[in-house]
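Here is a briefing for a first look at this model. Keep the structure open while you read.

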Amino acid sequence: MKLLYCDIRKFPQELEPLIRLLPECRREKMNRYLRREDRLRCLGGGLLLSHWLGKGYEKRLSYNPYGKPLLNGKGTFNLSHSGDFVVLAAADQTVGADVQQQEPGDLPAMAKISFHPKERRLFLASQQQRELFYSIWTLKESYMKAVGKGFSLPPTSFSISFSGGKAGIDGDDSYHLKEIPFFPGYSLAVCCKRPVGEVKPEEVRAKDW
């Protein structure tokens with residue numbers, strides 16, 4: 001597995017030279033966003049895809065019934081973004097990835113509507129609720145994205161458990177989860193059809209585009 005990321009804070013103020021590197025479909029998607037931060041994240045995703053797949057990558061993509069982009073040919077990928085970062089996970093097996101900025105909020109209320117009852121009990125009993133909330137959430141969403149359903153698979157319909165320092169999906173041992181160390185204040189998790197070994201996120205900078 002390969003994990004690439006970019007930091008949107010490092011993008012130049014003048015975006016046009018980078019935008020010209022994107023295929024037309026990505027430029028159109030980017031232009032639909034009103035906020036600069038959303039446009040930057042969309043731009044970052046397109047640039048990571050171009051860096052990994054090469055220019056004209058859109059010709060190699062198709063979409064499943066849930067809207068998940070698929071790579072025609074060998075290999076799979078998944079994009080995720082939150083806060084200042086965009087992450088691309090690429091593997092030769094089905095893969096899902098999720099990055100989340102650990103923002104403040106009413107976490108017990110969010111857990112009540114987003115977590116399986118088993119996860120809620122674990123969360124409420126924890127002395128480190130913020131870290132555990134985002135750990136569970138990124139692991140769950142990475143699985144939802146790996147199976148290709150996204151939020152069409154209700155997050156309350158399955159549970160994550162922890163044993164021996166490892167996370168797993170209750171009732172489904174065909175997928176493997178792994179939390180990846182990332183920047184302070186962020187949680188990052190991946191899910192794959194095969195066990196995930198040691199993987200370190202690699203930054204792609206403007207000079208690499």
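Which residues in H4 meet which residues in H6? Leu-107, Pro-108, Met-110, Ala-111 and Ser-114 in H4 meet Gln-129, Arg-130, Phe-133, Tyr-134, Trp-137 and Lys-140 in H6. Contact here means heavy atoms within 4.5 Å.

This is a predicted model: local features need pLDDT of at least 70, side-chain atom pairs count only at pLDDT 80 or more, and totals for chains, interfaces and linings use all residues. Residues are numbered from 1 along each chain as its sequence is written, and side-chain values use heavy atoms, with hydrogens and water left out.

Helices (H or I, at least four residues) and strands (E, at least two) are DSSP runs, numbered from the N terminus.

**H4 and H6**

- The contact of H4 with H6 divides into seven nonpolar, two polar and two charged residues. Ala, Val, Leu, Ile, Met, Phe, Trp, Tyr, Cys and Pro count as nonpolar, Asp, Glu, Lys and Arg as charged, and the others, Gly among them, as polar.
- Helix H4 covers residues 107-114 and helix H6 residues 129-146. Their axes are 11 Å apart, and they pack at an angle of about 30°. Axes are lines fitted to C-alpha atoms, for helices over the stretch in contact, and angles run from 0 to 180 degrees between N-to-C directions.
- H4 and H6 are therefore roughly parallel to each other. Angles under 35 degrees count as roughly parallel, over 145 as roughly antiparallel, 65 to 115 as roughly perpendicular and the rest as oblique.
- The crossing of H4 past H6 is left-handed. That term applies if the near helix is turned anticlockwise from the far one by less than a right angle; clockwise is right-handed.

**H2 and H3**

- Helix H2 (residues 24-31) and helix H3 (residues 36-53) have axes that come within 9 Å and cross at roughly 165°. That makes H2 roughly antiparallel to H3.
- H2 passes H3 in a right-handed crossing. On the H2 side, the contact is made by Arg-26, Lys-29, Met-30 and Asn-31. H3 brings Arg-39, Cys-42, Leu-43, Gly-45, Gly-46 and Leu-49.
- Four nonpolar, three polar and three charged residues make up the contact of H2 with H3.

**The sheet**

- Four strands form an open sheet in the order E4-E5-E1-E11, with mixed pairing. Two strands pair if DSSP finds at least two bridges between them.
- E4 and strand E11 (202-203) stand at the edges, each with a single partner strand, so one side of each is left without a neighbour in the sheet.
- Strand E1 (residues 2-7) runs parallel to E11, joined by two bridges. Leu-4 has Glu-202 in E11 as its bridge partner.
- H3 packs on the sheet and touches E1, E4 and E5. Its direction makes about 30° with that of E5.
- Strands E4 (residues 76-82) and E5 (residues 85-91) run antiparallel, joined by seven bridges.
- Ser-82 stands opposite Phe-85 in E5. The hairpin of E4 and E5 has two residues between the strands, and Gly-83 takes a positive phi near 60° there.

**Two buried residues**

- Glu-119 is found in helix H5 (residues 117-124). Glu-119 is buried, with a relative accessible area of 0%. Buried means under 20% relative accessible area, exposed over 50%, partly exposed in between (1.4 Å probe, protein chains only).
- Leaving aside neighbours within four places in sequence, Glu-119 is in contact with Ile-136, Lys-140, Phe-158, Ser-159 and Ile-160.
- Ile-19 lies in helix H1 (residues 16-19). Ile-19 counts as buried at 11% relative accessibility.
- Beyond neighbours within four places in sequence, Ile-19 is in contact with Arg-27, Met-30, Arg-39 and Leu-43.
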